[in-house]
Amino acid sequence: MTQTTARRRSDLGWPVRTVDGKTVAGRLSGLGWPQPGGGAPARNMTRQDGSRAAPATEPAVSAGRSGDAEGQITPMKDDGLDAADPSAVRIRKVMDDMVSRETVDQLSSPVPEFDVSRETFMDTPIAAEAARAVRVLNPSGNAFPRPPHRRVITVANQKGGVGKTTSTVNLAVALAMHGSRVLVIDLDPQGNASTGLGVDHRSGVPSVYEVLLGEHALADIAVAVEAAPALWCAPATIDLAGAEIELVSVVARESRLRRAIAAYAEQVDYVFIDCPPSLGLLTVNALVAADEVLIPIQCEYYALEGLGQLLRNIELVQAHLNNGVRISTILLTMYDGRTRLADQVAQEVRGHFGDLVLESVVPRSVRVSEAPGYGQSVLTYDPGSRGAITYLEAAREMAQRGAAGTPAEQHLAMQRNTEGGA
Ligand SMILES: Nc1ncnc2c1ncn2[C@@H]1O[C@H](COP(=O)(O)OP(=O)(O)OP(=O)(O)O)[C@@H](O)[C@H]1O
Ligand SMILES: [Mg+2]
């Protein structure tokens, strides 16, 4: 290898050399030996670095063959090198070494990256997961449509453990990752949404509790969340557990949160309110503050039991406290495709709520349940997972539906169209 100035690696035919500024090639031992005819003797050849070089005697042709004037292929003549010449023997040895080393190099070199292998790679589960992760993390900055007005969405279901907090956190992160500005209000003394967003909610931290009591503005207690550039969280501490009782004697106790949100000057597209599993004063505050209600429904046997009571409460709030609130979204959660029960529940919910039910159905997934343990959404914890991509798609559906305005605005627009047409 050290004896050549340049050579082709693609075949074993001819080591390419530069002689007097021209590129020439010599045959390798065993595959043809450098031709003596017309070339300077090997011992007279000097490389650029001054060392002796192997002879280069012919213009480059393919190994063992040469082309004639008409372009026909003719067999190569024997080299006729003097085997007794010690320098020729030395040169032959060097060339032999070079061939064997080159052969080893080629055999041991990694498999070249042909297009075919790349296509095959793209078909692998890992590649598919990587592609999903890119979609979720949105490195290209593709944005979902933003709503014409701030959307205040209460996530409620008095049944416990149906995915209220998980859905709040993941939808908020998905929307914020795709160009929207989002505030999450944790209205549950358990503080799970704060945990899921990695926000401190130890007792004593300024929280929603002080906001409801009028001691702090929402802007004072909302903290930026790392997961996305324009995402904030108003944390809940255990102090909030006492608020239900403390608020009883306070003026306009049902609309404390509504007032706080109205005074929040930060330009956000979405405010998500994560409710506790009850229909007490905290949930009533959330319903009074909202334009929309999102109800997560777990694909399990008792999913629909108790839902009637939530619907009646929403009607009561509509009738007396907040005429504008509507159920805008039903999200099916913890769907287990292996059970027929999950399908039956999903069908029943779709039959009852029709278009309000999002197409995206959140699967039961270990990754979704692991993420809060790391203070993360599943979108940042495992962006290539099915749970992440489903929450992303659910957020996209919500964004697209909301681009036309709030449910109340859509309702009004429909009414106007009907009256105009009549
Ligand atoms: N898609 C899912 N797959 C697997 N586990 C899930 C999924 N969604 C939520 N969980 C887990 O189920 C549990 C309940 O979820 P979550 O806390 O979101 O419900 P919740 O309705 O907010 O509960 P609570 O009524 O107590 O506030 C949590 O441990 C959560 O990690
Ligand atoms: Mg919760």
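In strand E9, Val-271 is the bridge partner of Val-152. Helices (H or I, at least four residues) and strands (E, at least two) are DSSP runs, numbered from the N terminus. This is a predicted model: local features need pLDDT of at least 70, side-chain atom pairs count only at pLDDT 80 or more, and totals for chains, interfaces and linings use all residues. Residues are numbered from 1 along each chain as its sequence is written, while chains are lettered from A and ligands numbered from 1 in the order in which they are written.

E5 and E9 (residues 270-274) pair in the parallel sense, over 5 bridges. Two strands count as paired if DSSP finds at least two bridges between them. Also in E9, Ile-273 stands opposite Thr-154. E5 runs parallel to strand E10 (residues 292-298) too, joined by 3 bridges. There, Leu-294 stands opposite Val-155.

## Burial of E5 and the sheet

Strand E5 (residues 151-155) has 5 of its 5 residues buried, so the rest of the structure largely encloses it. Buried means that 20 or more other C-beta atoms lie within 10 Å of the residue's own; 12 or fewer is exposed, and in between is partly exposed, with C-beta atoms placed from the backbone. In a regular strand, side chains alternate between the two faces of the sheet. Arg-151, Ile-153 and Val-155 point one way from E5. Val-152 and Thr-154 point the other way.

The open sheet has 7 strands in the order E7-E8-E6-E9-E5-E10-E11, and its pairing is mixed. Its edge strands, E7 (223-224) and E11 (326-333), each pair on one side only.

Helix H4 (residues 164-177) has 14 residues, which should span 20 Å at 1.5 Å a residue; its end C-alpha atoms are 20 Å apart, in agreement. The expected span is 1.5 Å times one less than the number of residues. H4 is mostly covered, with 14 of its 14 residues buried. Gly-179 follows H4 and has a positive phi, near 95 degrees.

Around ligand 1 there are 19 residues, of which Lys-164, Thr-165, Thr-166, Pro-277 and Ser-369 come nearest. A residue is near if its C-beta atom, placed from the backbone, lies within 6 Å of the molecule. H4 and helix H13 (366-370) are the elements giving two or more residues to this shell. H4 gives the most, with 3 residues. By class, the shell holds 6 nonpolar, 10 polar and 3 charged residues. Here Ala, Val, Leu, Ile, Met, Phe, Trp, Tyr, Cys and Pro count as nonpolar, Asp, Glu, Lys and Arg as charged, and the others, Gly among them, as polar.

## The loop at Asp-382

Asp-382 is in the loop between helix H14 (378-381) and helix H15 (386-402). Asp-382 counts as buried because it has 23 C-beta neighbours inside 10 Å. Leaving aside residues up to four places away in sequence, Asp-382 touches Arg-367 and Ala-388; contact means C-beta atoms, placed from the backbone, within 7 Å. The C-alpha atoms of Asp-382 and Ala-133 are 7.8 Å apart, although 249 residues separate them along the chain.

## Confidence

The protein averages a pLDDT of 77, and 67% of the residues score at least 70. pLDDT is the predictor's confidence in each residue, from 0 to 100. Over residues 98-114 pLDDT stays under 50. Where pLDDT is low, the predicted coordinates should not be read in detail.

Methods:
Contact = placed C-beta atoms within 7 Å.
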